[in-house]
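Colleague: Can you put the structure up and walk me through it? I have some questions.

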Amino acid sequence: MKWSPRPRVGVLAAAMAQQRAATRLRIVLGHLGCPSAGAVVASPTSGPIASASFHPQQFQYTLDNDVLSLEQRKFYEENGFLVIKNLVSDADIQRFRVEFEKICREESKPVGLMVMRDVSIAKSEYSPSEKTISKIQDFQEDKELFRFCTLPEVLKYVECFTGPNIMAMHTMLINKPPDTGKKTSRHPLHQDLHYFPFRPSNRIVCAWTAMEHIDRNNGCLVVLPGTHKGCLKPHDYPQWEGGVNAMFHGIQDYDKDHARVHLVMEKGDTVFFHPLLIHGSGRNQTQGFRKVISCHFVSADCHYIDVKGTSQENLEKEVVETARKCHGDANTTDLKVHLHEMTK
Ligand SMILES: CCCCCCCCCC(=O)SCCNC(=O)CCNC(=O)[C@H](O)C(C)(C)COP(=O)(O)OP(=O)(O)OC[C@H]1O[C@@H](n2cnc3c(N)ncnc32)[C@H](O)[C@@H]1OP(=O)(O)O
Ligand SMILES: Nc1ncnc2c1ncn2[C@@H]1O[C@H](COP(=O)(O)OP(=O)(O)OP(=O)(O)O)[C@@H](O)[C@H]1O
Ligand SMILES: O=C(O)CCC(=O)C(=O)O
Ligand SMILES: [Fe+2]
Ligand SMILES: [Mg+2]
């Protein structure tokens, strides 16, 4: 069925003309410090609502819309992720590649960008190049890359999870390096909600687009289907012999017998997943740098929470410290402020 735009007020409309979308979304980002606290549609940690088990037809992870087929909707409800094949065009992906290469050569230096390296790369090799950068985060001020967050074909699916008032809260382009043999290119199993101080979780979704063919050889996404129905688990550094990247927190006590699904994806394929879905990625055993572009979108009706005293408190300290290193921002004192700062 064809998706038909509906009128919306104030914040980003998924159906907006592509040209205007970037500007408007950025306006929304400017208000990140004070999203409306109203319209809480689910409990904070979004554990399954008791009544749901008595009314299996009641959907809680997706919203009524004419975009998803009933089958797709049921799949996301049950599994916590949904792959849409061939969603983003080759031409758009090429533009993201070109811009990423410019950033690597330091020809483009977007405000607020955080440049990450793999822990196994020696300091002596830090001269900027595509080979030393494992990830960039917070590219919201980069026009070319931020186009990803405004693509109507992406937003039309995002809206199924967030509703019509959409904010882009966190952006990444991941350039998973060939593993040096220390297995540091792995990403431990985690829930993205661990990194986010806002709720309700059901109105948050990640869009993760493969920029090339991705399978187990170059480290595809690995998901534990259905784990989005659980709650946020404590995260800590995994005990890995070869070292672990800063902030690569993982879940220690997940069910080792739980089914694991390796998502093999083609260029342009996009997976939408819930922030409580347990996922990670394997090591990159090829010589290429495996690329994906992603954005966490949330409903403008989400509200911030204070993570002090929760399992997210330690992470907050690290994020604040890293943000200070990257931006020298002495005013950054909590996750909330960090998200606000990085989206100004
Ligand atoms: C905020 C909301 C986020 C929501 C996100 C949703 C899910 C996101 C999950 C994530 O991706 S979280 C982030 C994942 N982490 C990374 O991608 C790695 C981030 N860290 C780095 O790239 C560097 O640590 C960083 C550039 C931030 C800082 O490096 P520095 O400039 O302080 O490093 P410097 O070159 O001065 O070296 C200092 C020490 O850090 C070490 N180092 C460098 N890169 C490292 C690294 N990646 N991890 C750990 N240590 C690292 C380096 O070897 C050196 O060790 P020694 O002191 O022993 O010599
Ligand atoms: N047995 C395990 N115990 C704990 N975590 C695991 C286990 N197996 C995999 N993982 C985690 O899940 C992620 C993905 O695993 P996956 O098996 O795809 O990758 P890999 O072990 O690097 O490569 P491969 O098994 O394909 O050779 C890894 O990064 C790792 O963090
Ligand atoms: O390796 C990947 O692309 C997944 C990384 C991831 O899950 C994350 O950064 O939150
Ligand atoms: Fe993640
Ligand atoms: Mg394995």
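Modeller: Note first that this is a predicted model. One place to start is ligand 2, which has an oxygen atom 2.6 Å from an N or O atom in the side chain of R216.

Colleague: What does Y254 do with ligand 2?

Modeller: An N or O atom in the side chain of Y254 is 2.8 Å from a nitrogen atom of ligand 2. R283 uses its backbone instead: an N or O atom there lies 2.8 Å from an oxygen atom of ligand 2.

Colleague: How much of the accessible area of ligand 2 does the protein cover?

Modeller: On its own, ligand 2 has 590 Å² of accessible area, and the protein covers 70% of that.

Colleague: And how many residues surround ligand 2?

Modeller: There are 14, and the closest are R216, Y254, H262, S281 and R283.

Colleague: Where in the chain are H190 and H279?

Modeller: H190 is in strand β5, residues 187-190, and H279 is in strand β13, residues 279-281. The two are 89 residues apart, so the pair links distant parts of the chain.

Colleague: Is H190 buried or exposed?

Modeller: H190 counts as buried because its relative accessibility is 5%, and the cut-off for buried is under 20%. H279 is buried too, with a relative accessible area of 4%.

Colleague: Next, the nonpolar core. In the largest one, which residues touch the most other members?

Modeller: That core has 38 residues, and F96, F148, V154, F272 and F297 touch the most other members. Several elements each supply at least two residues, among them α3 (90-104), α4 (143-150) and β14 (290-299). The most comes from α5, which gives 6 residues.

Colleague: How many residues of α5 are buried?

Modeller: 8 of its 11, so α5 is mostly covered. Among the buried ones are V154, L155 and F161. After α5 comes G163, with a positive phi near 90°.

Colleague: What is V154 in contact with, leaving aside its neighbours within four places in sequence?

Modeller: V154 is in contact with L87, V88, F148, A207, F272 and F297. There is also a second, separate core of 20 residues, including M114, M116, L232 and L335.

Technical notes
Residues are numbered from 1 along each chain as its sequence is written. Chains are lettered from A and ligands numbered from 1 in the order in which they are written. This is a predicted model: local features need pLDDT of at least 70, side-chain atom pairs count only at pLDDT 80 or more; totals for chains, interfaces and linings use all residues. Side-chain values use heavy atoms; hydrogens and water are left out. A nonpolar core is a set of buried Ala, Val, Leu, Ile, Met, Phe, Trp, Tyr and Cys residues joined through side-chain atoms within 4.5 Å. Buried means under 20% relative accessible area, exposed over 50%, partly exposed in between (1.4 Å probe, protein chains only). Helices (H or I, at least four residues) and strands (E, at least two) are DSSP runs, numbered from the N terminus. Contact means heavy atoms within 4.5 Å. A residue is near a molecule or strand if one of its heavy atoms lies within 4 Å of it. A polar contact is a pair of N or O atoms within 3.5 Å; within protein, one must be able to donate a hydrogen and the other to accept it, and residues adjacent in sequence count only if both atoms are side-chain atoms. Accessible areas come from the Shrake-Rupley method with a 1.4 Å probe; for residues, only the protein chains shown count as cover.
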